Amino acid sequence: MSGPATARLFVAVDPPPEDCVRLTAWARELALAASGAGWPLRVLRADSLHLTLCFLGSRPVAEIDVLAGALAPAAGPLGELRVGAPLLLPPRRPRALAVEIHDDGDELAALHARVIAELSRVSDWQPERRRLRPHVTLARMRAAPRAGERPAAAFPPTPGIVFTPRELILYRSRLDPAGASYEALAACELAAGA
């Protein structure tokens, strides 16, 4: 007998679509150079880029409405975010190329804390103990490259993107051999930061 149906869930904010297109173009440029060095990257689609605030993992489908209801009490001001340097994640045996996201006003950290508090309040979900490391993943790798396999040239400068997310979104992630797909299940508008 199988247990209740589950869904793989996370809460995120998204860069605007035009910025996602710019980030994807930057990642494709890098992937082209990297593939010549024997370091293949699979660039993600622009419409799948997001900044994860918390990953809930597999949760009962019956809990989705309750979790969605936690978005509004968690939502608050969020000002401008800036794209920073490229990142290989995880650092020791990277499997993804990402870009750092900077928040000068610490509003992102405050939003993260409110989201965790609200989700924990309405469910038995327990957050990871890791601190938030804001980033947007742009590409995946089939195998983690060794230091000597990484492209010798430095990463090209990341695009100078500044954006303000407009919504806090509960997503469902579906894993597939071709890559993950994401479905927005609920969204709540964020107030503009000071």
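**Close-up views of a predicted model**

**View 1. The whole protein, as a predicted model.** The protein contains four helices and eleven strands. Its radius of gyration is 17 Å, close to the 16 Å that the globule rule gives for 194 residues, so the protein is as compact as a globular protein of that length. Taken along the principal axes, the box filled by the C-alpha atoms is roughly 50 × 50 × 30 Å. Of the 194 residues, 46% are buried, and the accessible surface of the protein comes to about 10,500 Å², with 52% of that area belonging to carbon and sulfur atoms. When contacts between residues at least 6 apart in sequence are considered, 79% of them join residues that are at least 24 apart.

**View 2. The open sheet of five strands.** The strands of this sheet follow the order E2-E7-E6-E5-E8, and their pairing is antiparallel. At the edges lie strand E2 (42-43) and strand E8 (162-163), each of which pairs on one side only. Strand E8 is joined to E5 by two bridges in the antiparallel sense, and within this pairing Arg82 stands opposite Val162 of E8.

**View 3. Strands E5 and E6 and the hairpin between them.** Strand E5 (residues 81-89) and strand E6 (residues 96-102) run antiparallel and are joined by six bridges, while the hairpin that leads from E5 to E6 passes through six residues. Two of the facing positions can be followed residue by residue: Leu89 stands opposite Ala96 in E6, and Leu88 stands opposite Leu97 in E6.

**View 4. Strand E6 and its pairing with E7.** Strand E6 also pairs with strand E7 (residues 135-140), in the antiparallel sense and over five bridges. Val99 has Val136 as its bridge partner in E7. Strand E6 is mostly covered, since five of its seven residues are buried.

**View 5. Helix H4 and its buried residues.** Helix H4 (residues 107-122) is built from 16 residues and reaches 23 Å from its first C-alpha to its last, a span close to the 22 Å expected at 1.5 Å a residue. The buried residues of H4 are Glu107, Leu108, Leu111, His112, Val115, Ile116, Glu118 and Leu119. An α-helix has 3.6 residues a turn, so residues three or four places apart point the same way.

**View 6. Cysteines without a disulfide.** A search of the whole structure finds zero disulfides. Cys20 is in no disulfide, and the nearest cysteine sulfur, which belongs to Cys54, is 19 Å away. Cys54 is likewise in no disulfide, the nearest cysteine sulfur in its case being that of Cys188, 14 Å away. A disulfide would require the two sulfur atoms to lie within 2.5 Å. Cys20 has a relative accessible area of 3% and is therefore buried, and Cys54, at 5% relative accessibility, counts as buried too.

Key
Residues are numbered from 1 along each chain as its sequence is written. This is a predicted model: local features need pLDDT of at least 70, side-chain atom pairs count only at pLDDT 80 or more; totals for chains, interfaces and linings use all residues. Side-chain values use heavy atoms; hydrogens and water are left out. Two strands pair if DSSP finds at least two bridges between them. Buried means under 20% relative accessible area, exposed over 50%, partly exposed in between (1.4 Å probe, protein chains only). The expected span of a helix is 1.5 Å times one less than its number of residues. The radius of gyration is taken over C-alpha atoms; the globule rule is 2.2 Å times the number of residues to the power 0.38. Contact means heavy atoms within 4.5 Å. Accessible areas come from the Shrake-Rupley method with a 1.4 Å probe; for residues, only the protein chains shown count as cover.
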